Amino acid sequence: MRKVYLIGAGMGNPNTLTAGAAAAIESCAALAGAERLIRPWASAKPCESIILADDIVAWLAEQTAWPVGVLLSGDTGFYSGTKSLIPLLDAYDVEVFPGISSLSYFCAKLKTSWHDAFIVSAHGREHNVVGEIQRHEKTFALTGGQTRVEDICCELVSQGLGHVVISVGERLSYPDEKIVTDTAERLADMRFDSLAVMLAINPQPVTYAPLGISDSAFL
């Protein structure tokens, strides 16, 4: 059976790999994935810079030496391409290696928990991030594509939420990693890398009463 490893590569720095993921990569005859993820191994073994699931499947069909690895950013179960890729790999023996997500890494850097955060992704998709921040005390958001951190901050200000405290993490795990914390109002005029995440703390989230009446009132 042709063996394929789907490997969560963390934020991209090899130091964020789990020991199992690192060992799997070393055992692979070839690797595929985003260019920034495969770069550390490009001089040691054949590497193909591809991202789309259909392109990866086509690449796998051309391989003759096994196992091969597909590197995926962050954790394989957290807004990962793994979800769309696995259904296309019935012809292969697939093993998945989880990685460190940007969520857990960033919250560790901030010395805060993440189990109590509302999680959204605006990376390459449309999502009402401001609405979620308005309704939740702690909101984690992946940004990128058409939705950048500064856009969210500007909208927060326009909605009267400029006081919300925002922490932004840019290029996490890389040597030029940058983390800044300030109010949305002060961050709105800054420019951030598209490879960024954010954690918003809203001390006074909007809560809505349930529709209808209580059982006692009904009786």
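Helix α5 spans residues 102-109; helices (H or I, at least four residues) and strands (E, at least two) are DSSP runs numbered from the N terminus. Ser 102, Leu 103, Tyr 105, Phe 106 and Cys 107 of this helix are buried, where buried means under 20% relative accessible area, exposed over 50% and partly exposed in between, with a 1.4 Å probe and protein chains only. The model is predicted: local features need pLDDT of at least 70, side-chain atom pairs count only at pLDDT 80 or more, and totals for chains, interfaces and linings use all residues. Residues are numbered from 1 along each chain as its sequence is written, and side-chain values use heavy atoms, without hydrogens and water.

The buried residues of α5 pack against β6 (118-121), β7 (138-142), β8 (165-170), β9 (178-183) and β10 (196-201). Contact means heavy atoms within 4.5 Å. Lys 111 follows α5 and has a positive phi, near 60°.

An open sheet is built from 5 strands in the order β3-β2-β4-β1-β5, with parallel pairing. Two strands pair if DSSP finds at least two bridges between them. β3 (47-49) and β5 (93-97) are the edge strands; each has a single partner, so one side of each lacks a neighbour in the sheet. On average, neighbouring strands of the sheet are turned by 20° against each other, direction ignored. Axes are lines fitted to C-alpha atoms, for helices over the stretch in contact, and angles run from 0 to 180 degrees between N-to-C directions.

Strands β1 (residues 3-8) and β4 (residues 68-72) pair in parallel over 5 bridges. Val 4 stands opposite Val 68 of β4. Helix α1 (residues 19-27) lies across β1, β2 (30-33), β4 and β5, at about 140° to β1. Helix α3 (residues 53-61) also packs on the sheet and touches β1, β2, β3 and β4; its direction makes about 165° with that of β4.

The largest nonpolar core holds 22 residues. Such a core is a set of buried Ala, Val, Leu, Ile, Met, Phe, Trp, Tyr and Cys residues joined through side-chain atoms within 4.5 Å. Ile 133, Leu 156, Ile 166 and Val 168 touch the most other members. The largest share, 4 residues, comes from α7. Beyond four places in sequence, Leu 156 contacts Val 130, Ile 133, Leu 161, Gly 162, Ile 166 and Ala 184. A second, separate core of 15 residues includes Ala 53, Leu 60, Val 70 and Leu 89.

Thr 139 lies in strand β7. Its relative accessibility is 1%, so Thr 139 counts as buried.
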